[in-house]
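Let us walk through this structure step by step. We begin at the metal site, then turn to charged pairs and the sheet.

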Amino acid sequence: MKPCTTLVRGALAFTLPLLALQAGAVEERVAATASSPHCAADAGWNDPARPLRVHGNTWYVGTCGISALLLTSPQGHVLVDGATPQAGAQILANIRALGFKPEDVRAIVLSHEHVDHAGGLAELQRVTGAPVLARAPAVPILQRGASDRSDPQLLSLKGFAPVAGVKAIADDDVVRVGPLSLAAIPTPGHTPGGTSWTWRSCDAKDCRQLVYADSLTAISDKHYRYADDASHPGYLAAFRQTLARVAGLECDILVTPHPSASRLWSRLGTGATEPLVDTAACRGYAHKAAAVLDKRLAEEAANVEATP
Ligand SMILES: [Zn+2]
């Protein structure tokens, strides 16, 4: 089946040379700082981070503890994830510090519908005016700012500001803004609407496949059971399929919604000690998540046996 395409149109609203100049100046300032890690590995969700280039036209604009990425083009940008409610202003400031304009963001996409990745979306949507594109299960959650019982963590979740301008995209849709092209990979499991994103970024002739792989952790409130197929038919099978799909992705550079889950601050920015490019990273990330899911299912089975 051919993937469908979501095309987001936008006018050219800035000049590229100015952008390159400003972005270069920021990078120089960043490079001039000490060689300690860009952020602590155990940074808090709202600890501020300086923005920095990941690769080519892909920039990190999130906080130290929660990721947000900006993909830039002369025809407009795509923002990936909104982080926490407190992070919205930081993300906007980081975009501006790189010399880009939030008003040139033409589309916002997200990993999953939890407060730590969707909490800033309402503000970011309002300031940029860009639509928030999400897979169908996430749409009503974003519009309401609250999850339902389809979410394994429902009873332990905090709500967030309802998001306006949410548009549904199909599984495996491709979001296009000018020359930018991001594929939406359905990765339900951590949440029903979980989505991973992949695109190609080039730094001159050095082109790399970026993967923004969603959280894959099997974690729930005390009532939800992944093995209870009668309550959520097919969900566990879909979770398994997610893990297999992420493991098999073409993957040069992995970034995750929680930077610590892919050791980002050991791989990127000042003080990095590991290579940013690791073609086995997605496989390793998925295999770890599969082990957590297996452990979780064993615990559920043990609890059932222990209950008369
Ligand atoms: Zn989550």
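Both His112 and His190 are buried, where buried means under 20% relative accessible area, exposed over 50% and partly exposed in between (1.4 Å probe, protein chains only). This is a predicted model: local features need pLDDT of at least 70, side-chain atom pairs count only at pLDDT 80 or more, and totals for chains, interfaces and linings use all residues. Residues are numbered from 1 along each chain as its sequence is written, and side-chain values use heavy atoms, with hydrogens and water left out.

What coordinates the zinc ion? His112 (NE2), His114 (ND1) and His190 (NE2) do, at 2.1 to 2.3 Å. Donors here are N, O and S atoms within 2.8 Å of the metal (3.2 Å for Na, K and Ca); water is not among the atoms, so the site may look incomplete. Along the chain, the donors follow the spacing H-x1-H-x75-H. His112 and His190 link distant parts of the chain, 78 residues apart. His112 sits in the loop between strand 6 (105-109) and helix 3 (115-118). His190 sits in the loop between strand 10 (180-186) and strand 11 (195-203). Helices (H or I, at least four residues) and strands (E, at least two) are DSSP runs, numbered from the N terminus.

Now the charged pairs. A salt bridge is a side-chain nitrogen of Lys or Arg within 4 Å of a carboxyl oxygen of Asp or Glu. The count comes to eleven. One of them joins Asp171 and Arg135, at 2.9 Å from N to O. Asp171 lies in the loop between strand 8 (166-169) and strand 9 (174-177), and Arg135 in strand 7 (residues 132-135), so the pair ties together parts 36 residues apart in sequence. Asp171 is partly exposed at 39% relative accessibility, whereas Arg135 is buried at 4%. Asp104 also forms a salt bridge, with Arg106; their closest N and O atoms are 3.8 Å apart. Asp104 is buried, with a relative accessible area of 2%. Arg106 is buried too, at 12%.

Seven strands form an open sheet in the order 2-3-4-5-6-7-8, with mixed pairing. Two strands pair if DSSP finds at least two bridges between them. Strand 2 (52-55) and strand 8 are the edges, each pairing on one side only. Strand 4 (residues 69-71) and strand 5 (residues 77-80) pair in the antiparallel sense over three bridges. Leu70 stands opposite Leu79 in strand 5.
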